[in-house]
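Hi everyone, thanks for coming. I'd like to walk you through one chain today, so please have the viewer open.

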Amino acid sequence: MKPVPATMDSLVEPLAAITTAPLQGIRAEQAARVVRRIVDSETLVRRLDVAAFNSAP
Amino acid sequence: MPPARDSGPPIGQYILKMHGRCDLACDHCYVYQSVDQSWRDKPRSMLPHVVQASAQRVAEHAAARGLSRVRVVLHGGEPLLLGAEPMRDALARLRSTIGPVARLDLVMQTNGLRLDTAMCEVLKEFGVRVGVSLDGYREANDRHRRYASGAGSFHQAQAALALLRTPDFRELYAGILCTIDLANDPVRVYEALLAEQPPRVDFLLPHATWEHPPVRPGADPTPYATWLSAIHRRWLADDRPIRIRMFEALESTGRGGPSGSEQLGADAVDLVVIETDGHYEQADTIKTAFDGAPRTGLNVFRHRVDEVAALGPVAGRQTGIDGLSPVCRSCPVVSQCGGGLYAHRYRPGSGFDNPSVYCADLRVLVDRTNEESHMHADSKPDDSGAMPSTLIEQIASGFGDETTIGWLAEQELAITRALLFAIVDQQGPSDAWDILGTVEAKSPEAVRDVLGHPYVRPWAVDRLRGGGVCRLGALAAASAVRAGIAVEVGVEAVDGVVHLPHVGTAYLPPGTSGPVRVTFDGSELVVTAGAGEPIVADPARPVPTHAWQPARQVTLPDGWAVLIEDGDPLRARHRWPVADRLPDGEEQAWRSALTEAWRLIRAETPGYVPALRGALRTVVPLRADEDGAQRASTARHAFGSVAAALPGPADLAVLLVHEFQHGKLGALLDLCDLFDLDSDASVQVAWRPDPRPVEGVLQGVYAHAAVADVYRVRAGRDADATAGRQYTKYRQWTLDAITGLRATGGLTPLGTSFVDQVEAAVLSWET
């Protein structure tokens with residue numbers, strides 16, 4: 001694997017949408033993205049991981 | 001197979017065929033439906049001695065090449081057919097053999113049909129991330145992904161994804177892989193995938209070669225580009241709600257970056273397949289080319305990985321654009337397309353030295369996604385919440401102006417709101433959630449204040465990790481009271497305490513836990529626990545009683561309002577025990593100390609005022625140290641809170657500045673990777689006896705630079721020798737730790753820039 005930092009993912013767009021939405025109008029997928037970053041400490045730096053979804057059983 | 005040189009390029013990714021059979025009979029599978037039928041001659045599963053030999057070869061290669069990181073993909077066939085105990089054995093062998101040599105990332109790609117709690121526990125034990133194959137909505141998925149009986153697999157795959165979304169196993173969820181079929185509605189496929197909330201999605205073009213070209217029904221010459229573009233446009237319109245690797249790869253390569261994908265771009269492909277019998281093979285997608293295409297003739301028992309890496313076709317996959325066909329090399333979009341998937345280039349006679357059989361589609365897709373991405377960016381209003389361009393500079397300066405801190409605080413509030421939504425999404429709606437929504441519609445500021453309480457987020461994080469009691473009722477009640485809206489709602493008492501953020505704390509008989517009713521009629525607040533005596537309070541007249549403590553707000557000059565928080569049970573997450581409910585005299589001592597400390601900060605170091613005023617919301621009293629040592633702490637998820645044992649005002653001023661630096665940097669770290677989260681590096685620092693991880697050192701650098709700054713001012717102003725010594729000490733700690741941080745290699749480019757700016761600020765001060 002080539003752990004080369006590539007581009008930085010960003011929470012800014014989903015957070016902007018969450019800020020303007022009423023609580024009950026927040027989109028589940030955007031909340032899930034925040035959970036992955038904040039609760040699961042997911043990295044924002046993308047890596048080259050060509051094998052991650054290389055092929056499908 | 002011809003060798004390229006004595007030792008080829010390093011190999012960092014390994015696909016282990018844990019099981020050679022599958023419980024589905026998908027008609028688009030390259031393993032069983034391709035011209036290569038070698039699976040028939042191989043063992044059904046990878047036996048322990050093959051796993052062990054494979055692990056040893058991987059470790060040997062990583063050690064020889066100095067690889068710090070290796071990825072092993074557990075694959076098939078269907079890897080889950082191995083069963084939970086053999087899987088545990090295999091994972092233990094991989095971890096114990098490779099782990100001491102290099103960081104091991106374990107990933108599994110599965111159809112998910114046999115994913116159950118027992119298997120998830122095994123995968124969790126060994127840190128295996130799981131990708132599941134799903135082709136979209138039910139009809140789309142079951143068009144190909146069927147059992148031998150013809151029955152579809154959609155519902156079973158969906159159940160696996162639901163299991164991966166539970167708090168216990170969410171950490172395992174890697175993403176969804178979707179194979180394209182033009183007969184499926186692309187937007188419906190996208191919506192179905194979105195509903196599964198995957199961390200990532202990737203789309204696979206159906207396997208095809210020039211000898212067996214893809215299906216192209218109708219008059220559209222580039223139907224695959226058309227299909228993917230429909231999703232791309234919707235994805236952009238939705239503000240990229242999930243990560244889609246194909247589109248992110250095109251965006252990255254469009255900016256000159258790498259693709260991170262084997263399907264697009266010219267990244268080096270440093271992977272080797274290890275079959276169930278221990279034979280090394282090339283990427284097995286090339287099974288679609290011809291019988292025996294991936295074969296190398298080498299195996300883990302007799303050959304080192306170096307020998308595989310030296311083989312011409314393996315080494316050739318790492319030459320980037322130079323290794324592509326002349327047609328590709330002359331193409332204007334070659335850096336983004338990269339010739340497409342290697343297997344798609346095959347043509348009898350010229351082998352893989354051709355453009356992709358999807359060349360026309362890829363060209364249109366690249367041009368179209370580039371254009372659509374630019375149009376989308378141009379159409380975004382300037383005030384769409386974009387990160388302030390000076391964010392890093394502002395925070396790295398040590399201070400942060402009002403606009404920057406206000407923006408950071410908004411992001412923190414949005415994070416808390418998202419976490420709350422996620423809790424409800426996961427655990428189901430409730431009366432409390434409905435009340436919060438109703439109050440928000442009438443009085444958004446009231447809900448905003450309550451959700452902005454620093455200890456709401458730590459609770460939400462605990463809850464999403466499967467712990468904690470439900471606190472939504474307390475949040476709903478507090479919001480309603482602050483909005484002046486009548487409410488009746490159930491809340492959970494914790495150890496005799498019901499805390500309503502920004503309103504107050506009810507003290508029930510010690511040990512009382514569990515459901516309690518809170519009612520508010522617009523003027524009177526009543527907390528009732530079972531048959532016990534109700535606790536009655538008037539929120540408009542904050543008078544404490546033995547059973548009710550109104551929130552202790554301190555309002556200071558220059559617009560800083562802060563709570564002395566001694567009621568919230570969730571505040572007990574600091575290094576030292578928190579103080580119990582303060583007696584009146586101690587509250588007064590805190591008020592006096594805060595008033596004087598704030599005066600000192602404004603006079604001595606006004607640069608720190610906007611951040612403290614804009615975002616420090618609570619101060620949590622800690623129990624005093626018996627020997628009189630200072631105690632102060634910040635909790636990572638409690639942005640806007642500082643905990644301390646009460647010192648004198650001058651020390652409190654230093655301590656507030658110091659601790660809130662951790663809060664500011666924590667908020668920045670929520671949004672940016674300043675260091676490699678996977679780094680194992682540690683640094684010996686002057687302020688602790690034990691080596692500290694990169695994040696700890698970064699936090700120390702940032703906070704100690706501010707402490708040095710405060711003492712610098714005091715030393716200069718009063719010619720105070722003690723302050724001067726403190727300044728020298730903290731300044732040197734900071735500079736030494738920066739040197740140590742750089743040496744770890746664990747900082748990202750952004751982190752390096754951040755540290756450079758902190759250092760420049762410190763060096764600008766006189767010694």
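First, the ground rules. This is a predicted model, where local features need pLDDT of at least 70, side-chain atom pairs count only at pLDDT 80 or more, and totals for chains, interfaces and linings use all residues. Residues are numbered from 1 along each chain as its sequence is written, and chains are lettered from A and ligands numbered from 1 in the order in which they are written.

Chain B holds 26 helices and 24 strands; these are DSSP runs numbered from the N terminus, with helices being H or I of at least four residues and strands E of at least two. Its C-alpha trace spans about 90 × 65 × 55 Å along the principal axes. For 767 residues, a compact globule would have a radius of gyration near 27 Å, and the 30 Å of chain B agrees with that. That radius is taken over C-alpha atoms, and the globule rule is 2.2 Å times the number of residues to the power 0.38.

How much of chain B is buried? The figure is 51% of the 767 residues, where buried asks for 20 or more other C-beta atoms within 10 Å of the residue's own, with C-beta atoms placed from the backbone.

As for domains, chain B is divided into domain 1 (13-371), domain 2 (429-546) and domain 3 (673-763), with bounds from an automatic or database domain assignment. The C-alpha centres of domains 2 and 3 of chain B are 41 Å apart.

Now to the sheet. Five strands of chain B form an open sheet in the order S18-S19-S20-S22-S21, with mixed pairing; two strands pair if DSSP finds at least two bridges between them. Strands S18 (552-556) and S21 (632-633) of chain B are at the edges with a single partner strand each, so one side of each has no neighbour in the sheet. Inside, S20 (residues 618-621) and S22 (residues 641-644) of chain B pair in the parallel sense over four bridges, and B:Thr618 has B:Ser641 as its bridge partner in S22(B).

Finally, helix H9 (residues 245-254) of chain B. Eight of its ten residues are buried, including B:Met246, B:Phe247 and B:Leu250. After H9(B) comes B:Gly256, with a positive phi near 90 degrees.

That's my tour, and I'm happy to take questions.

How values were computed:
Buried ≥ 20, exposed ≤ 12 C-beta atoms within 10 Å, placed from the backbone.
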